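Here are a few notes to go with your look at this one. Keep the viewer open and follow along point by point.

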Amino acid sequence: MLNRSAGLEALARLAADPEVGGFTIHDAGGHMAELLDVAPEEGRALLGRQAADPANRSHDRLGIARFLGQPELLRALSADPSMDDDDRLACARDLDEADLYAALLEDGTVAVTWRRAAFERLKELRPGTPDPFPPAPDQAWERMAHVARAKDPEQAWAALRDPRVPALPRVFACLLLQDWSPEDGRAALDELANDPTLGGFHRVFWGQDQARLAADPGLGRQWRVFAAEQLGDPALLSRLAADPTLDSRHRRRCDMMARWIRSR
């Protein structure tokens, strides 16, 4: 009553909060429907801003977009790296557009689980889409056993650099090189950590520069957080907690970890 614009903005924040008044944003819109009764046009604009705000929880933002029923907002959230991966996929599924699935599939920061789910639907919408997850060649371990018996560094390097070879045999090639030559082993581990065709876990676990990996935007978000946790540096974790390229779930995880380390 004292300040209409400020009051409506405050109402929008409360309407989008699933903890207010015992409502959830899935209960027929809860307070969001009440806000639109008070101010239909302004209310929709304010709720759209709440959905676009990365400070809000990812699933709540999805719920607001669904309530508003705005395809353009769902498209924007599907492409928003601050959203949780599963919610980005949910936006794509709501619209069921091939371009959205393709964008998720091509985004290397999205977890493989959700990229695979996007591909499964994309290949139905676009038959003939090439499979980005080709099966590993047979007998990878037999190949590594032969390399170990031959003690041939060239063959070990070839296996390490072959993206068709599964992750663990490639790690084994690194360990062989390290056993034969510590200098080669360090170089191999560094190459492994920088290889985008390898899973994030192995890149971080075997990597020697965790700070660089934590800051690498091309690495999956969960693995950037994993790298920071391996270092246990609260300053680095706090920076990630404020990083808009991380989704809300991982930002909260970094913030909690930083607080816990500082309290020890």
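Predicted model: local features only at pLDDT ≥ 70, side-chain atom pairs only at ≥ 80, totals over all residues.

1. Now for two of the cysteines. Cys 174 has a relative accessibility of 1%, and buried means under 20%, so Cys 174 counts as buried. Cys 254 also comes out at 1% relative accessibility, so Cys 254 counts as buried too.

2. Next, some helix packing. Two packed helices are described by the angle between their axes and the distance between the axes. Take helix 9 (residues 140–150) and helix 11 (residues 167–180): their axes are 10 Å apart, at an angle of about 5°. Anything under 35 degrees counts as roughly parallel, so that is the label for helix 9 and helix 11.

3. Which residues make that contact? From helix 9 come Ala 140, Trp 141, Met 144, Val 147 and Ala 148, and from helix 11 come Leu 168, Pro 169, Phe 172, Ala 173, Leu 176 and Trp 180. Sorted by class, the contact of helix 9 with helix 11 has eleven nonpolar residues, no polar ones and no charged ones.

4. Then look at helix 4 (residues 58–68) and helix 6 (residues 85–95), whose axes come within 10 Å and cross at roughly 15°. Helix 4 and helix 6 are therefore roughly parallel, and helix 4 passes helix 6 in a right-handed crossing.

5. On the helix 4 side, the contact uses Ser 58, His 59, Leu 62 and Arg 66, while helix 6 brings Asp 87, Ala 90, Cys 91 and Asp 94. The class count for helix 4 with helix 6 is three nonpolar, two polar and three charged residues.

Technical notes: Residues numbered from 1 in each chain as written. Heavy atoms only, no water. Buried < 20%, exposed > 50% of the residue type's maximum accessible area, 1.4 Å probe, protein only. Axes fitted to C-alpha atoms, helices over the stretch in contact; angles between N-to-C directions. Helix = DSSP H or I, 4+ residues; strand = E, 2+ residues; numbered from the N terminus. Parallel < 35°, antiparallel > 145°, perpendicular 65-115°, else oblique. Left-handed = near helix turned anticlockwise from the far one by under 90°. Contact = heavy atoms within 4.5 Å. Nonpolar A, V, L, I, M, F, W, Y, C, P; charged D, E, K, R; others polar.
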